Amino acid sequence: MKFFSLGIIRGLIFGVVGAAVAIGATMLVRIALGFVAWNPAMVTVIGTIVGILFYLVGLGAFNYWLRWAMGWPEASPAKQPRWVRYFSFDTNHKTIGVQYMATSLLVIIVAGVYKMIDRLETAQPGLQFITPSTYNSLMSLHGIMMLGAVLIGISGMMNYLIPLMIGAKDMAFPRLNALSYWIIPSAVILLLVSLPAGGFDTGWTAYPPLSVKSPLGMQFMLLAFYIVGLSSILGGINFITTIFKMRAPGMGFFQMPIFIWASLATAILQLVFTQFVGIAFLMVLLERLLGLGFFDPDTGKVLLFQHLFWFYSHPAVYIFVLPGLGVISEVLPVFSRKPLFGYRAVALSSLGIAGGGAVVWGHHMFAAGMEGWLRIPFMVTTMLVAVPTGIKIFSWLATM
C-alpha cells in the first residue's frame, strides 16, 4: 500500500509498538523483582527511549548501516514521487533543508496557539476556562517550543544553502544528516504529549528543584530537549566537516561567501556548547528517576544547574542570530551594488562573536546568589562581545 510506503508512517507504527512492548516488559521485570509494576517515571522513560529506536528502525534510518554490517549489497533507491521523499528517510540536503524548515513552521504555529490560549485566559480578570497550572504549562511549552523551532529552522536554512554556496554536491555525511533531522519529530511528539501527561510549570529554563518535583510532563520535556540537542550536535559536526573538506577547488577560507563564515561560527557553537545543557537536563532526569542529589539544596548545588544551563543558553542566542547576520551581510552588498566593506573583518567577527559569547553566561545569574567577585569579569566580557557585532554594523553602514 502506498500509505505504508511513507517512511514516517512506518516509523510511527514501529515506534508505538516498540514503546508498548518496552513498557510491558519493564512492568514485568519490576514485578519479578518485587517492585510495584507501574512506576510512571521509570516506565515511561524506558518506553520512550525504546520507542524512538523502533521508530528510527521503521523509518529506515539504519538500513544502510545494517546492510553494510551484514555484507549485503546497497539497496538501489526506489523511484518515488518527489513529495514522498519529504516524508521518508532521504539523504538529499535540499530535501532535508525543506523538512527542517517545514517542521519549524509547524512547531511555531502550535506554540503560537498555546500562547493565544494563554492570552485569551488573561483577557479578563479571574479564571475563564483554564486552571492556573494549565496556564503555566502552556506558557512553559510555548517558550521551549519557540526556542526549538528557531534551532530547527536555522539548521534547515544552513542545510539547504551551505553545499550550494561552497560548490559541494551534498553534506559531508548525508545519512547522518538525515538522521539528525528524523529524530526531531519524536521530540516534537514528546513535547505535545507532555501537556496531557500533567504538563510542567518551570518555564523554558527548567530550573531545579522545581523541575525535579514537577509532574510527569516534565520528563517528556527533558527528553525532547535532549533529542533536539543531539540533533544540533550532529548537525554541527556535519556543517563543520562540509565547510572544511568539501569546498570547491580553489575556494580558500577568505573566498567563501560571508554566510558560510556565519554558519561556521554557528556550527562551532552547536558542537561545543549544546552538550552542557544536555548534561544538565540528564542530571535532572537522573535526579527524578533515581533520587540522585545533584541539585538538591541540602546535598548538592542548585547553582550548578544554572551555570551548566546558561553556559549553553547564552551561546544559543548567537546560534539564533549569527545566520541572520550572515544573511544581512549577503543581501546588503547586492542591493547596494558594491562589495561588502571589510570582508575579512566581518568574516572574523562571526568567530569573535562566537568566542565572546562563550564567556558571558554569568550575566544571567547576577540575582541568583553567584559569587560577587564574578560580576565584574562578566560585566566586562558582556561589553566586549559587542565589539565584533559593532564591526558588522559599521561594515553595513560603510557598504551602503
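**Exercise 1. Locate Q306 and decide whether Q306 is buried or exposed.**

Solution. Begin with the element: Q306 lies in helix 12, which spans residues 302-336, where helices (H or I, at least four residues) are DSSP runs numbered from the N terminus. The structure is a predicted model, in which local features need pLDDT of at least 70 and side-chain atom pairs count only at pLDDT 80 or more, while totals for chains, interfaces and linings use all residues. Residues are numbered from 1 along each chain as its sequence is written, and side-chain values use heavy atoms, with hydrogens and water left out. Next, compare the accessibility with the cut-offs: buried means under 20% relative accessible area, exposed over 50%, and partly exposed in between, with a 1.4 Å probe and protein chains only. Q306 has a relative accessible area of 9%, so Q306 is buried. Finally, look at the neighbours: leaving aside residues up to four places away in sequence, Q306 touches Y207, M365 and A368, a contact being heavy atoms within 4.5 Å.

**Exercise 2. Work out what lines the largest cavity.**

Solution. First, the rule: on a 1 Å grid over the protein atoms alone, a cavity is a set of points where a 1.4 Å probe fits but cannot get out, and lining residues have an atom within 4 Å of a point. Grid points are joined across faces, edges and corners, and a volume is the space filled by probe spheres set on the points. The count comes to 3 cavities of 30 Å³ or more, and the largest cavity holds about 130 Å³ of space. Its lining has 16 residues, of which I144, M145, G148, L191 and V228 are the closest to its centre. Two or more lining residues come from each of helix 6 (132-166), helix 8 (184-194) and helix 10 (217-245), and the largest share, 7 residues, comes from helix 6. By type, the lining divides into 15 nonpolar, 1 polar and no charged residues. Here Ala, Val, Leu, Ile, Met, Phe, Trp, Tyr, Cys and Pro count as nonpolar, Asp, Glu, Lys and Arg as charged, and the others, Gly among them, as polar.

**Exercise 3. Determine how many residues of helix 8 are buried, and what covers them.**

Solution. Helix 8 is mostly covered, with 8 of its 11 residues buried; among them are I184, P185, L190 and L191. The cover over these buried residues includes helix 2 (40-59), helix 5 (93-121), helix 6, helix 7 (174-182) and helix 10.

**Exercise 4. Examine the backbone at A206, P209 and R337.**

Solution. A206 sits in the loop between helix 8 and helix 9 (210-213), and its phi is near 55°, a positive value in a residue other than glycine. With a relative accessible area of 0%, A206 is buried. P209 has its place in the loop between helix 8 and helix 9, and the peptide bond from P208 to P209 is cis, with omega near 5°. R337, in the loop between helix 12 and helix 13 (343-357), has a positive phi near 60°. Since its relative accessibility is 69%, R337 counts as exposed.

Terms used
On a 1 Å grid over the protein atoms alone, a cavity is a set of points where a 1.4 Å probe fits but cannot get out, and a pocket is an open set with protein on both sides within 12 Å along at least five of seven lines; lining residues have an atom within 4 Å of a point.
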